[in-house]
Amino acid sequence: MTAKEKRKLANRSVVTLIALFFAFLTLLPIWWIFRSSLMSVAQVNAYPPSFIPTEWLWSNYAKTLQTFEYWTYFKNTFSIIIPAVTFGVITAIFCGYAFARLRFRGKNLIFKICVSTILLPGMVTLIPLYIVWTKFFGLGDTYWPLILPFLTGGGFFNIFLIRQFLMTIPRDLDEAASIDGASRMRILWTILVPAIKPAVVVVGMMLFIQIWNDMLQQIIYINSMSKFTFAIALTNFTGSFGTNWPMAMAATFMTILPGIVIYIFGQKSFVEGIVLTGMKN
């Protein structure tokens, strides 16, 4: 092995160790929640804490489900996520296509104004939006205020991401399809959207994460216990059972599990879209 190859191997080993270290730091909280959910109260409160349970109490999950209405909260949460993500992705595609491919007066000015909205903190519009949805439209204690805003793409960053991906695709494809008689809609859905699949997946997953973690707006708009989502229900549950950490951790792990499963299935396209890897013409 030459000196150059040894340096490459050493650099690769260092990078691998660093990556493993940060992966460990990322997975440690998840493991800590899972291991705590399988312990007794005495084990959780023991000092020094044990990294692995001495006794695996799977019955904690059955006990938690007796008081934590998991499937009701699951249904309520995805009653918001499914339509919101669907609307957000579709409208982001349409808006991104308009900015990338269409020509209309004031396009550059509108694009610049929209980009500037990315810097606008969400807290600034929280109270005005609450007044509009509850006072003007009477949609308090419903899911609509959490769904309808995604008819605008769920934030301009999603539109910007779709637009940037579409800009990398040569216009020759559009022109060739137009000569063959394809309409703009057909060009968009049969040629362009499949070519920007990584970006579409990224937008969908980012919208999913945004809604999944948006406890503040859910608490503001939802008041009935029967309509509670995971975020609200888990807050109330841990507040009521704060001393019973195994049950609280079991509820927490069951709550984050759907997000983990969804990421596992979409991680390849998600990573590909984030790093903006080469688009194939």
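This is a predicted model: local features need pLDDT of at least 70, side-chain atom pairs count only at pLDDT 80 or more; totals for chains, interfaces and linings use all residues.
Biologist: At what angle do H5 and H8 pack?

Modeller: Two packed helices are described by the angle between their axes and the distance between the axes. Here H5 and H8 pack at an angle of about 130°, with their axes 9 Å apart; axes are lines fitted to C-alpha atoms, for helices over the stretch in contact, and angles run from 0 to 180 degrees between N-to-C directions. H5 and H8 are therefore oblique to each other, since angles under 35 degrees count as roughly parallel, over 145 as roughly antiparallel, 65 to 115 as roughly perpendicular and the rest as oblique. The contact (heavy atoms within 4.5 Å) is made by Phe111, Cys114 and Val115 of H5 together with Phe156, Phe160 and Arg163 of H8. Helices themselves are DSSP runs of H or I with at least four residues, numbered from the N terminus.

Biologist: How does H4 pass H8?

Modeller: H4 passes H8 in a right-handed crossing, and helix H4 (residues 70–101) packs with helix H8 (residues 156–167) at an angle of about 50°, their axes being 8 Å apart. This pair is therefore also oblique. On the H4 side the contact includes Gly96, Tyr97, Ala100 and Arg101, and on the H8 side it includes Ile162, Arg163 and Leu166. The residues of this contact divide into eleven nonpolar, two polar and two charged, where Ala, Val, Leu, Ile, Met, Phe, Trp, Tyr, Cys and Pro count as nonpolar, Asp, Glu, Lys and Arg as charged, and the others, Gly among them, as polar.

Biologist: Which residues have the most contacts inside the largest nonpolar core?

Modeller: In soluble globular proteins, nonpolar side chains tend to be buried together. The largest nonpolar core has 62 residues, and those with the most contacts inside it are Phe68, Ile162, Leu166 and Ile196; such a core is a set of buried Ala, Val, Leu, Ile, Met, Phe, Trp, Tyr and Cys residues joined through side-chain atoms within 4.5 Å. Its largest share, 13 residues, comes from H4. Leu166 touches, among others, Gly96, Tyr97, Leu192 and Ile196, not counting residues up to four places away in sequence.

Biologist: Is Asp141 buried or exposed?

Modeller: At 18% relative accessibility Asp141 counts as buried, which means under 20% relative accessible area, with exposed being over 50% and partly exposed in between (1.4 Å probe, protein chains only). Leu102, at 24%, is partly exposed.

Biologist: What is the phi of Asp141?

Modeller: Most residues other than glycine have a negative phi, and most peptide bonds are trans. Asp141, although not a glycine, has a positive phi of about 60°, and Asp141 is found in the loop between helix H6 (122–136) and helix H7 (144–147). The peptide bond from Tyr47 to Pro48 is cis, with omega near 0°, and Pro48 is found in the loop between helix H2 (41–45) and helix H3 (59–67).

Methods. Residues are numbered from 1 along each chain as its sequence is written. Side-chain values use heavy atoms; hydrogens and water are left out. Helices (H or I, at least four residues) and strands (E, at least two) are DSSP runs, numbered from the N terminus. A crossing is left-handed if the near helix is turned anticlockwise from the far one by less than a right angle, and right-handed if clockwise.
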